[in-house]
Every structure is written in structure tokens, then in C-alpha cells.
Amino acid sequence: MPQLQQADKREVTILLAEDDPGHATLIEKSLRRAHISNRLITVQDGQAALDYLFREGTRAGEERLRPTLVLLDLNMPVLDGYQVLERMKADERTRRIPVVVLTTTDDPREVDRCYGLGCNVYVTKPVDYERFSEAVRKLGLFLSIVAFPDGS
Amino acid sequence: MAVDTVPENVSALKAEVAVLNELLAVQERVVIEQSAKLEHTLQELREAKDAANASEDWLRRLVETVNDWVWEVNCSGVYTYVSPRVRDILGYKPEEVVGRTPFDLMPQEEAKRLAPVVEELIAAKKPMLSIENTCAHKDGHLVVLETSGLAFFAPDGTLMGYRGVDRDITARKQVEKALRGSQERYRVISEGSPHGILIADSETRQFAYANPCMCRLLGYTEKELLQLGVADIHPQDSLGHVASEFESQVRGEKALAAELPCLRKDGTVFYADVTAGPIILYGGQECIVGFFADVTERKRAQEKLKRYADDLERANEEVKQFAFIVSHDLRGPLINLRGFTFELRSECATLDSLLTAALPHLDEEQQREATAALRQGIPQALEFIEASVARMDDFINAVLKLSRLGRNDLHFERVNLHDVVQSALDGLAHQIEERQVRVTVGRLPEVVGDRTAMEQIVGNILTNAVNYLEPGRPGEIEVAGEQQGAETTFFVRDNGRGIAESDMPKVFALFRRAGKQDVKGEGMGLVYAQALAYRHGGYIRCDSELGVGTTFTVVVSSHPEEQGDSNAPTAAG
């Protein structure tokens, strides 16, 4: 078992993988409104998310920011959220990074599939913006209770 | 001889006597020998006579015992001898026949036909060989005879008449006729058969018979086919399979070899269902007879049908996916619309407080315009946007729900419909009491189905029945059902406002609502119910008369789990 430690939640970098710039903006606004001021990195497809996490492709050689929390949309071009989740959970370096799936549907099959792949939290993006903000606010709560693996 | 010469002649005399005695002895021996010979001859004659008697008796007995009737006619054709067997054959005593001619025993026509033939033979003194003729029995029925005879002659060579036999061949003729009929019947059946018939030797697999249809199917003449064997009429790559099917049929283990590919003379292939079984031919040859039914068309039709079914399955899957993905993807933009509308509102709030501070610095016209824009125009626009977004979201949710109903797992179990109806009525108790509706629940069967689905179907139809009663008329709702073999049926009948004929197509259509729009609803309830009924191997039917009432009949399969309900999970993002 790797050493787990309760990280200072302000140190956590949030990677937001979201292809809809509107959603990304709204998520960011909601996070800030909920006083979550962590560093936020936004990418627009699954490949870019993996490049960031593995320091590959366009992000090869970049310094790694850690610890990290991933907010993952499912419906993305190039590689979708499922593929990103699969790659992350199959790799020792990213296996323990907490993943929050954000998606537009609450289809039980989809929820099951995500949890089956190892996602930690599944959040539906409600059309209702108040509820949407509420969902994002819960992320702040999640940030404060989740255990981040040392050195991830 | 001289007696006076006795003294000197005595010796001579004595010699003579001796000679005479000698002669006498010889003669006596000869006589004895001859009479012995005679006696022997006589004995032989006696024995010959006995033998002749015995032979005649044997011959007579033979003549009288054989099944054939033996006769003799003189040169005028008149019977001079007739063996007693005639009585068994024609019913006449021999003495009734003697003195008559054979033509007297025949029907007139037959006599006329035969007379020239016989006269010609007699004129040429030729033998009669197996002449077929028909005579009348004493009781009148016809007897077919086969006549053979030889001419006999006086020592000087004159024709004395004919001697011969008549054999009753009536039974043989009947058997022959029956056999010919039977052969003809089989020939007609075999040649007229729409199926190819092929007989092959079980051992050598060479063909022994092919009917015309078989020849047509394969494009060979029968002669050509008889030179071929099983291996010549099937494609090379199917021979292994054909051989094993052939062997099973020879052993009698199976009759039908389905869809065997068969090779025509021109190299094209057709498919045949071959039903075959063992048969033993006249010579004892062990064979197998096969009936070939050309199923190429059927096979082609089946393949076509399967292709259609696959296409349909694919199209259906695409529709399901489409509904799911569209409703799923349409949501994304709505989140933005709603989210940024909210953001705009909060920005407007900021501007509003700034406007209050800025107003004194503006002229009257500017004040009015700024106020109208910020406090009327923008909020109104935002309201419309929000209302539209809300409606759009409702539509999407409805389509999404419908798409899920077509994909969700159903859990089939025995469901007591009575309980389902009762619990739906309990839920409507308030409206039922308020509107004083009389509800009659009759006998209801058990159904095999998904409990939740049944609750949705029943709940939806009952809610409609209660909601769409005719105001001012005491409501009456009747629920009953029955199980009939493979189907379970129940109905909900009301005396409500009914549905106009022209509105009927809207009843099960998406987002369509019929009649007066005084009850809230999204127009999806019956669509969901119908989708669920389909998944139970059934359907919902609506019969209605405007102003009189409506009956919804729900039909579900009694064995819905056997309907091949496929709800494989589909990928979606």
C-alpha cells in the first residue's frame, strides 16, 4: 500500500476534461462561486487529458503538478471519457488519481459502467443551473474528504 | 430201307438207327429250345401287355388330373374326346361338350375373330401354339383359355384331327392386368412427380433409375444418369457431407437430408431436400430411393428474409441509439443556455445596481431606454429563453425515457392484475371520490410480466379514464380481462368524452394530445404504455366514440419471456 496522506486541498490541481467550452466555463464559475480556488487546467478532449496526465505528446517534458483530481466529461472527441478512465485505471502511475465523472445523463447503465471502470464519483450535469451549481459545490466537499495518494 | 438184308445189313441198320436217334435227339433239343424261346416271348408279350395297360391307365389318370382340359377334335373340328376337367373350367360335363365345336362355346364375336385363325392353321396342318381365346362358362361368365394342339394323322397320312389342351388363364390375365395397372400407376406417379426420384445402389452408389423430373433438375437424360453415381451430382466440396448423409439414409437412421447442394450437368448448383429410404429391386439389388425437392427458391427466400430481418434489427438498433444519443447530446447545449441565462441574470443584477447610481447622470431619454432595456427587455428575453429551455428539456427527457423503456431489463414474473388495478385506483381515490365515479372491477387474470411496467400501463390508462370523463355525466369505469391461450387481455372501458375518429392517430403518437386541452400532460403517457406492451409481446388497442366513451384493450403475450425480447446494452457517451 502506498503511503496515503490527507493533502492540503488547496494544493490539489484540478484537471477538467470537457469539450464543451460553455460547460467548462460554467463549471469554473460554479467552482469559484463555491470558493474552490484550486488551480484548474482545462483540456478539450480525452487525448489531451491523457497527454497531461502522462506528460506525453504536446505536454511531453512538462513538470508534473500534483496531487491531481480529474473532472471528466464522457462525451469527448478523439478519446472519450470511458477510454481515459480505462487508461488511467490500467496504469500504475494514474490508477489512484480520484476521478469525478461529469455527464449530461443519469442513465443507470452509464453510471454502472463508470463505477465499473473505477470512477470515484459520478455527477450528473442538470440542465437546471441551480442544481448544476449545487452539484459542483459538492465537489468542494469531495475535495475535502478524498484521500490523495502520495506523489500522484 | 430193305429188311431182307438183315444179317449183313443189321450193323448198317443199327448205324442208321443210331443216326436216327441222334437226329431225334437233336430235333427234340431244338423243339425244347424253341418252345422255351416261345414261352419267353409270350412272357415278354404278357409283360408288355400289362405294362401297356398300366401305361394307358396312368395316361388316362394323368389326363384327368391335370388342371388343363385335354381334348381331341376330328378334322371337322368336332370334339371327339374331352377330359372331365372341362367341367371345372367351363361348367359342362364332358358328354355335353363332345359333338360340339370349340366355336360353339365362345361368344359370337370371339368365334368370329378366331375362326379364320384356326381354319388357316388347320389348312396348313400346323400346330396351335398358345392361342388365347375367350369362352363362356355354362353359367355365363367369361373364361380366358390358352389353347395348344397338334394335328394327328391316319397311317396313310390323312389329317384325322387335332389333340391338345386348354388352360384356364383367367386368373393369370387378371393378375397381369392388375400388375400392368399397378406398373402404370407407379409409372404415372413417378413420371408425373414434381419431385426428382432417383434410385441408387446402396453399395456402388451408381444410379439404377431416374424419373423425368430428376433428369430435368440435373439436366441429364435418364440414359446419362444411369451411367453416373452419387458423387457425380454433388459439388466436390460437399461430397463428404453428402456421403455421410447417404450412409445414414442407407442405414435408415434418418430420412431427410436437408438442403443438399446438387450439381447440374452444366455445372450450376441447386439445393434439394432429399428424403430417402432403402428399397430392394426385383433382382434383389439393395438400393436407396431418394426424393429430391428443389428448395433453391425457398432457401433464397429464407436468406432474403434473414437479410431483411438483419436490416430491420440494425435499423431498430440505430433508431434506439439515435433516440438515446440525440436526447443525450441535445442536453449539452441546454445546459449552456440555462447556465449562461443564469449568468446573464446575475450580470444584470450587477448592472442594475450600477444603473441606479448612474441614472441621475443620464438625460430623460437615456434613462428611459436604459431602464427599459435592463429592467424589461432583457428580463423578458431571458424568460423566453428559460421557458423554451425548460420545454426543450421536457421533450428530451420524454424521448430519453421512451428510449430507455425500449432498452431496460424487464423482470418477468407472475403479476396479479387485480392487485395492480386496485393499487392504481387507490392512487386515484381522491379524483374518483371527487367526481363520484363508479368503478367496476371484474374478473382479472394473472399475467406474466414486469410488475413496474404493468403498473405503468394500468396506471396510465386508468388515469386517462378518470381525467377525461365527460363533465356533468356520472362517470363509469369498468375493468375486466381474461386469458385466452397465448394471450392475456384486459380492458378499461369508460363513458367519458371519447376520441374523435380524426384524432385516433394521435392517441399513441409522440407529444400528441387529442381533444380539449384542459388536462395537463405531455402527450407521452400512452406512448410509454404502448412501448411497454410491445415489450411484453403485445399491444394496446383503442376503441372510442366521441361523446360516448373509450375502451383501451391491453393484449400481452402469456409467455412474454419467449418473445426474444432483446435489450442488449448499447454504447452511449
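Predicted model: local features only at pLDDT ≥ 70, side-chain atom pairs only at ≥ 80, totals over all residues.

Student: What share of the contacts in chain A between residues at least 6 apart joins residues at least 24 apart in sequence?

Tutor: With that 7 Å cut-off, the share in chain A is 68%. Chain A has five helices and seven strands, in the pattern β-β-α-β-α-β-α-β-α-β-α-β along the sequence.

Student: What makes E3 and E6 of chain A edge strands?

Tutor: The open sheet has five strands in the order E3-E2-E4-E5-E6 (chain A), paired in parallel. E3(A), residues 40-43, and E6(A), residues 121-124, each have a single partner strand, so one side of each is left without a neighbour in the sheet. Direction ignored, neighbouring strands are turned by 20 degrees against each other on average.

Student: How do you know that E5(A) and E6(A) pair?

Tutor: Pairing takes at least two bridges, and four bridges join E5(A), residues 99-103, to E6(A). One of the partners in E6(A) is Val121(A), bridged to Val100(A).

Student: Which strands do the helices touch?

Tutor: H3(A), residues 81-90, packs on the sheet and touches E2, E4 and E5 of chain A, its direction making about 150 degrees with that of E4(A). H1(A), residues 21-33, lies across E2, E3 and E4 of chain A and runs at about 170 degrees to E3(A).

Student: Over to chain B. Why is H4(B) said to lie largely in the open?

Tutor: A buried residue needs 20 or more other C-beta atoms within 10 Å of its own. Of the 16 residues of H4(B), the number buried is one, so the helix lies largely in the open.

Student: How do you know that the length of H4(B) agrees with its residue count?

Tutor: At 1.5 Å a residue, residues 108-123 should span 22 Å, and the end C-alpha atoms are 22 Å apart, so the two agree. There is a kink of about 35 degrees at Leu114(B), shortly before Pro116(B). Just after H4(B), Lys125(B) has a positive phi of about 55 degrees.

Student: And what does chain B bring to its contacts with chain A?

Tutor: 18 residues of chain B are in contact with 19 residues of chain A. H9(B) gives the most to that side of chain B, with twelve residues. The residues on this side divide into seven nonpolar, five polar and six charged.

Methods
Residues numbered from 1 in each chain as written. Chains lettered and ligands numbered in written order. Helix = DSSP H or I, 4+ residues; strand = E, 2+ residues; numbered from the N terminus. Contact = placed C-beta atoms within 7 Å. Expected span 1.5 Å × (residues − 1). Bend = angle between axes of the 7 residues up to and from the residue. Buried ≥ 20, exposed ≤ 12 C-beta atoms within 10 Å, placed from the backbone. Nonpolar A, V, L, I, M, F, W, Y, C, P; charged D, E, K, R; others polar. Axes fitted to C-alpha atoms, helices over the stretch in contact; angles between N-to-C directions.
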